[in-house]
Amino acid sequence: MRLYQCQPMLSAGDWSAIWLTFKLASLTTLILLLIGTPLAWHLARTRRWWKAPLSAVVALPIVLPPTVLGFYLLITMGPKGPIGQLTASLGLGTLPFTFSGLVIASVFYSLPFVVQPIQNAFETLDMRLMEAASTLRAKPLDAFFSVALPMARPGFLTACILGFAHTVGEFGVVLMIGGNIPDKTRVVSVQIYDHVESMEYAQAHWLAGGMVVFSFIVLLLMYTLNRGIRMPKP
Amino acid sequence: MSEINQDTLHARFQLAFSDFTLATDLQLPGRGVTALFGHSGSGKTTLLRCIAGLQRPDSGFLQVRGQVWQDSTKGVFLPTHQRPLGYVFQEASLFPHLTARKNIDYGRKRATQSANDAELAAIVDMLGIGHLLDKIPAQLSGGERQRVGIARALALKPQVLLMDEPLAALDLKRKQEILPFLERLHRELDIPILYVTHSPQEVTQLADHLVVLEAGKVVASGALAETLTRLDSPMAQGKQASTVLQVQVCGHEPEFHLSQVQFAGGVLSLPYQQAAVVGTALRLRVYARDVSITLQQAKQTSILNVLPADITGMAHDREGRTMIRLNLGGVPLLAHITQKSAVQLGLQKGTPVFAQIKATAIL
């Protein structure tokens, strides 16, 4: 016990886990914005039959236990799975137990938390404004970037915060796909688990307490900002 | 195609919905205000949206000032952003995240031919929005938003201005505030304006040409005075039926609080027009219910305006009214009288009569 008391609040391993977590969450959020925005636009606008099934697939990670998602990702990305065989044939090896694999898994896991807020924002967008933009010589993509995106800003803010925070908070998927490799796949949530397993409660407290504070601040930020920049009615 | 005047707007559209079908074939003049009039569901807004390319008809042909914008037989369809038009929406549809100035610049920046700074200053001045430019739409009143919306469309230097009930969302006070600007627009612009409305008041105040739509079909189309007085047109029926007279101020009698105006049919007295100097052109609206008919010119009557006229058409409605179309020196005028009077006076097509027009009935 005396040994622990001499240690700093966070060890080098803890800092590495924090940095890895931050990198994972940022990269995942960025990828999700790129994939999620067109997906959200399509879901918000389409009236085709596939709207309901597609929405359900996007929402699956909300209800599934992370272990289920992780299990199937492990199989498809593993040496015998279709994605695994593809990556292997491209000379990339297989994705499980790598940082890239973790990013891909996180993208699936956090997808609904990014798509749904953006979709909601697009659904409340007044389409007459898009028509007005077209009568003002804006091409469709131009109108999207100059009118739809700025109008949907609160939705994007919510999407970024939820996507980031949710990725930071993942555990089950990480264990299934990433394992527990220091500097590669050992994120904060796994590090906490390790500390608890080794009875290092003080260390676990610093990280766990930090997560609580972080999550609270993030959510507080979201609710405050979204109240502040609510769009005026046209 | 050779018979089509280069200066006109030719619009032919076929568009089937589940509940009604739009089928129009219109030749509209290349200048002045054309009112597309009809009740809600008559297809007037759909017609405007087809012209703008916002709605794609099943088949259609559209030529504006000699340029084909759309021809379904040849697969030609210019998307909206490539059509040199200006569109004013019913709800202004300003971008809420941009100031009035940036709203106006939005289209100006993107159009190949748009107003330069001096022309924009003239537009801003004409619409009286100079003091509003740095405000966002939420800080503007409905009428101010609509004026900014009109400026935004005009800054594109469009070949045709499309206006979809620009006053419908405004209360009476705001309408009165914006109508003078529209009249000014009408006087100062050299481009055709297509103006969708369901208000006979706006038609008589602004339009030069009138297209009446009913259930997706054009039931009347032509010069305003002619079309207003067509007895088979829905506008000639009902309490709001009226005629428009283009007149010129020719004298004042301030002691009686009256002014005199002249037109091809004669001279009329009307309430004193203090602001109008002699020679000013005015547009008068005369309600059909305020025009009565006598066979002889009454010598002693309180009615000041008694003008000779011929009956050029008569129609009866189911409520005991007779609608009479008169000709006053070439100018058409509508009169609504009771069917009983029409019978007692023995009125017929061609009968020479005198039209008595109540002066106060004139706008």
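Two strands pair if DSSP finds at least two bridges between them, strands being DSSP runs (E, at least two residues) that are numbered from the N terminus. By that rule, chain B holds an open sheet of 4 strands in the order β14-β13-β12-β15, with antiparallel pairing. Because β14 (266–271) and β15 (281–287) of chain B stand at the edges with a single partner strand each, one side of each has no neighbour in the sheet.

This is a predicted model, in which local features need pLDDT of at least 70 and side-chain atom pairs count only at pLDDT 80 or more, while totals for chains, interfaces and linings use all residues. Residues are numbered from 1 along each chain as its sequence is written, chains are lettered from A in the order in which they are written, and side-chain values use heavy atoms, with hydrogens and water left out.

Within the sheet, β12 (residues 242–253) and β13 (residues 258–263) of chain B pair in the antiparallel sense over 5 bridges, and His252(B) has Ser259(B) as its bridge partner in β13(B).

Turning to side chains, a charge sits over a ring if NZ of Lys or CZ of Arg is within 6 Å of the ring centre and within 35 degrees of the ring normal.

| Charged residue | Ring | Distance from ring centre |
|---|---|---|
| Lys23(A) | Phe99(A) | 5.0 Å |
| Arg152(B) | Phe95(B) | 5.0 Å |

Accessibility is classed as buried under 20% relative accessible area, exposed over 50% and partly exposed in between (1.4 Å probe, protein chains only). Phe17(B), at 31%, therefore counts as partly exposed, whereas Phe20(B), at 18%, counts as buried.
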